[in-house]
Amino acid sequence: MGGNEIFGNEEIQECMEVLQTGILMRYNFDKERKGIFKVRTFEEEFARFHGVKHALGVTSGSTALKIALTAMDICPGDEIIVPAFTFIATYEAVIEAGAIPVMADIDESLNLDPKDIVTKMTPYTKAVIPVHMCGAGANIEQIVATAKNLQLLVLEDNAQALGGSYKGQKLGSFGAMATFSFDYYKTITTGEGGMVITNSKNLYERADWYHDHGHDHDHTVSRAMEGRTILGFNYRMNELQGALGLAQLRKLEYIIGEQRKNKARVKEMLASVKGIGFRKHFDESGDTATFLAFNFEGAAKAMAFQKALGENGVDVVCFKNNKWHYCPNWEHLLAWSTANSRKFPFASNDYRGKVEYSIRNIPQAEDLLGRTLVMGIPVKMSAERLQQIEKAIDRAKSVV
Ligand SMILES: *Cc1c(COP(=O)(O)O)cnc(C)c1O
């Protein structure tokens, strides 16, 4: 899936430049690195691509979320509104920051329903995290407007829709901050890695300090003499990741272009299936086409169709039954089984609210995800594979 399918000489060349200097750290060693700053250059190109002022390379999409929440001064006792349908990392990052994730409903785009922000808001709510799932954008204009009215910060989790846009503006440039992942499955990959972007100098500085032990990165003095105002930790990206990121970012438009062609072919094959519907897009021209989501009137038909496709060599996912992407299925989270024996932050005295992870609070997610099937769209799809998919769809047609 995505960038991992098309590693080539570009990635090798970028990494070789780093290995030839031997400087794997992004900071310091200014003489030995011979002018090579891969992470810094990757950040500059990434920020430019998104039309934002600042980008910070970090170790993963999960740490990017934690860093952004910390930069936004999210504190123990705060509540953060998060869609029920997302990868578990979005919830984990909120918990890592000491705050409480509040599960909200999705709309027909399979992303956070802006209407549910008002419903889930409490006196403790500080921020909302729309997640652009499966390659396509949430109703981001409406989400930002609603959050503004309620004085909530918006952090876009754009781990899954890098390169996507809404009305020509890149996803990730709408909220106060946004995060991205470059893990091995994502649209572009650095093996592991992530990025935080923002237009705010203040939020950028706090993220930058926090991600590197508080270092203020005043490059006029030696690293050992740099100042600090807050404590931090180590979430630094290394130069080999920066090198891979640069080579992969330059292939992003190509990746999305190929995925769009492949998705259009499969969508055309599915269009003739009786009773089929497709995921709603607020701006289909901004879809990154990493996934194709389609639905039936009921869960029984969806399950039958999924089974028939699988028997013919084509696997599709029903996310209501998935262990890692749907909040009601996370039995350890529901039991407040955090990695500390005091169940912090849920059982902490700092928290005055009463979070409830009941499926009654997310009726649309329960309905939509149960009758929606999702197919991953690769960059490379051979004629044989397309034929196999066509045959599978043809056979599955008769069961719905
Ligand atoms: C992959 C992903 C993350 C976490 O990224 P990692 O780099 O794997 O830590 C966060 N949110 C979403 C929606 C993701 O898909």
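These legends describe close-up views of a predicted model and its ligand. Residues are numbered from 1 along each chain as its sequence is written, and side-chain values use heavy atoms, with hydrogens and water left out. Local features need pLDDT of at least 70 and side-chain atom pairs count only at pLDDT 80 or more, whereas totals for chains, interfaces and linings use all residues.

**View 1. Residues around the ligand.** The ligand is surrounded by 15 residues, a residue being near it if one of its heavy atoms lies within 4 Å. The closest are Gly-61, Ser-62, Ser-181, Asp-183 and Lys-186. The shell divides into 4 nonpolar, 8 polar and 3 charged residues, where Asp, Glu, Lys and Arg count as charged, Ala, Val, Leu, Ile, Met, Phe, Trp, Tyr, Cys and Pro as nonpolar, and the others, Gly among them, as polar.

View 2. A nitrogen atom of the ligand is 2.8 Å from a polar side-chain atom of Asp-157. Of the 380 Å² of accessible area that the ligand has on its own, the protein covers 93% (Shrake-Rupley method, 1.4 Å probe).

**View 3. The surroundings of Glu-366.** Glu-366 is buried, with a relative accessible area of 19% (buried means under 20%, with a 1.4 Å probe and protein chains only). Leaving aside residues up to four places away in sequence, Glu-366 touches Lys-320, Tyr-326 and Ile-359, with contact meaning heavy atoms within 4.5 Å.

Technical notes:
Polar contact = N/O pair within 3.5 Å; in protein donor to acceptor, adjacent residues only side chain to side chain. Buried < 20%, exposed > 50% of the residue type's maximum accessible area, 1.4 Å probe, protein only.
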